[in-house]
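Please look at how the two chains below meet each other. The briefing takes the interface as its topic and goes from overall extent to individual elements.

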There are 2 protein chains.
Amino acid sequence: MKYLDKQDMDKLAIGAALLGTGGGGDPYVGKLMAQQSIDKYGPVQMITIDELATDATVATFAMVGAPTVLVEKIPNFESFDILYDEFVKYNGDKIDAVMPIEAGGVNSMIPIIFAAIKGVPLVDADGMGRAFPEMQMDTFNVNGIHNTPAVFADEKGNTAILNTSDGLWTEKIARSLTTVMGGSILNGVYLLSRQELHDYAIHHTVSTSIAIGETLMTSKQPIEDLQVLLGGTILFRGKIQDVARRTDGGFVKGTATLTGLDADKDATCKIEFQNENLVCLVDDVPRCTTPDLITVLDLETGMPITTEGLKFGARCVVFAQPADDKWKTEAGIRTVGPGYFGYDYDYIPLEKTVKG
Amino acid sequence: MKYLDKQDMDKLAIGAALLGTGGGGDPYVGKLMAQQSIDKYGPVQMITIDELATDATVATFAMVGAPTVLVEKIPNFESFDILYDEFVKYNGDKIDAVMPIEAGGVNSMIPIIFAAIKGVPLVDADGMGRAFPEMQMDTFNVNGIHNTPAVFADEKGNTAILNTSDGLWTEKIARSLTTVMGGSILNGVYLLSRQELHDYAIHHTVSTSIAIGETLMTSKQPIEDLQVLLGGTILFRGKIQDVARRTDGGFVKGTATLTGLDADKDATCKIEFQNENLVCLVDDVPRCTTPDLITVLDLETGMPITTEGLKFGARCVVFAQPADDKWKTEAGIRTVGPGYFGYDYDYIPLEKTVKG
């Protein structure tokens, strides 16, 4: 058990952006919101899954939609209250702790705001260990825990409660609600037991994010120290030569092309992204695919670069980490593997494409 | 108190189509659904507002969206059960009786199906006394009774519960849900007290609809007998010369032009419609506008013609009735007067445009 203060939010924002693999929204906006809530309500208690009482229930909170829209809404904590109260009322149950559903700029921070406002602990875990764009894409839903009732609230005082027949319908209806309710809405889903968290959650995501941020903020050789901390693999060192983006079905899809530097100087690297980085090819050979994590880091500072931050000329390291084993099931790969996103590659675990 | 049987549905369908002023959907589909539910569950008890217990609570049920989509869903009463149960669960209150929110083909029938399935009485009243296209357009909302919680269900087992900050948001979000959930969804809203019904409902809408249907099915001089039954005014007798339709924002908008017959033979009549008939002009002078009722009737049979049924060459009577006084308030005219629908005419009550 420890307390998270405003400085931890600086670290968490950086680490969550790295685990967010290019997506998850602007870390800056989320960080400001979390820091403002800690200013007002005090530091947030973080506990591990093992520290939960055996009968504890844990809810996940996030934002659905375009993160940038939230900027104007920062001072409005009222909609957090409305959502939380509606969630508790509808479920007819207490919430003993809150948890992020994903790692990424805004959605690592939203549960901290709930924890601060409501005075409940934050659990050091999440349901992805990274960021993914759709509501059915978490390790609870993939393991048969249905993702409704799901509760939504906008900043105008409107709320919606969904119950659906399957996880894909939740995503489909939620996406439509997001559009009509103003582009970004708060969301609460799941009431998980300690046993369910133990079996299906990705453990230690928040503390890992903070450790990543601390490393990158303080290290003199950040890329090397990151590898010491996380393991993982450097897939490529290069310079961004081209970024092609298009908007398709509410998502930003595209390809970043890098030409090699140093040992990679005769090679070309392509990163395919859809909000998140999903496929990395070196000289047209797939080296890493979703759900394994692909992050683009600044070559000098090691700071993660989101997909919207990818710019011509930037000198980068393409850094990969294996996904948690909880994703590496048939249902997991069907839900978040390259095929779901329309890529014609099989998922080959990072460990097998990378020479020891 | 009386019981409604399958034959009453034939009459109700005709009368509701007349009060539906051209909108409200195909009466045939609704009728089949109601008759099937009476076949299965038995006749439906209909009571007046005065026959309600003083502590009774009454819910309104309807369908939102395109009525034709429902055709394929007729055999599925399960979604009615799901909606009703979710409505009761969320409101935490009993339902003593159900009621239509509007008069019109499908939505006069939906509450009868609920009454049959659930074995509760139907109240002989509604919230419009006619049909209108949007969820904020009823005499409860106009009188300050908020139109949420509103509960929605599709035939796939998905449900949604809305709470909104004002009645227009309910309409906006419901319209979006309708689209994503498959084009037409069931809806429950309001839990009204006997006093609220007494003060704000339009009384006797169901029995009036049935009486209209009976008159038109049996009379040898239907138009004359209709006037004896309802009062009302014949604005025009003519032949449809032209119907211009366009789709705009999910609604079918258009103009029907009639050339006169008999006493009207040198005149022209235009009917502006948006799902419902909203404005009637004779020689370009407004003679009747929403919320007063404008219905196009077959000249021979007196049968009502919906806006989608308006066809070149049809010989018609344009029949008008004053709206219930509950619509004739400032809030009422702001909500459903010609200005709301984008017409540049003031509302002038029918009584003032028609010579005694």
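What follows describes the interface between chain A and chain B in a predicted model.

The contact joins 20 residues of chain A to 20 residues of chain B, and about 1,800 Å² is buried between the two chains, with 54% of that area on carbon and sulfur atoms.

**Extent and main contributors**

- On the side of chain A, the residues that lose the most area to chain B are A:Tyr90, A:Asn158 and A:Val180, which together account for 28% of what that side buries.

**Polar interactions**

- The rule finds 14 residue pairs in polar contact across the interface of chain A and chain B, with both residues of each pair at pLDDT 80 or more, whereas the number of salt bridges found across this interface is zero.

**Elements and composition on the side of chain A**

- Helix H3 (78-91), strand S8 (159-163) and helix H5 (167-180) of chain A are the elements that each give two or more residues to the side that touches chain B.
- Among the elements of chain A, H5(A) gives the most to the side touching chain B, contributing six residues.
- Sorted by class, the side of chain A that touches chain B consists of nine nonpolar, seven polar and four charged residues.

**Strand pairing between the chains**

- S8(A) pairs with strand S8 (residues 159-163) of chain B in the antiparallel sense, and this pairing runs over five bridges.
- Within this topic, A:Ala160 has B:Leu162 in S8(B) as its bridge partner.

Terms used: Residues numbered from 1 in each chain as written. Chains lettered and ligands numbered in written order. Predicted model: local features only at pLDDT ≥ 70, side-chain atom pairs only at ≥ 80, totals over all residues. Heavy atoms only, no water. Contact = heavy atoms within 4.5 Å. Buried area = accessible area lost by both parts, 1.4 Å probe. Salt bridge = Lys/Arg side-chain N within 4 Å of Asp/Glu carboxyl O. Polar contact = N/O pair within 3.5 Å; in protein donor to acceptor, adjacent residues only side chain to side chain. Helix = DSSP H or I, 4+ residues; strand = E, 2+ residues; numbered from the N terminus. Nonpolar A, V, L, I, M, F, W, Y, C, P; charged D, E, K, R; others polar. Pairing = 2+ DSSP bridges.
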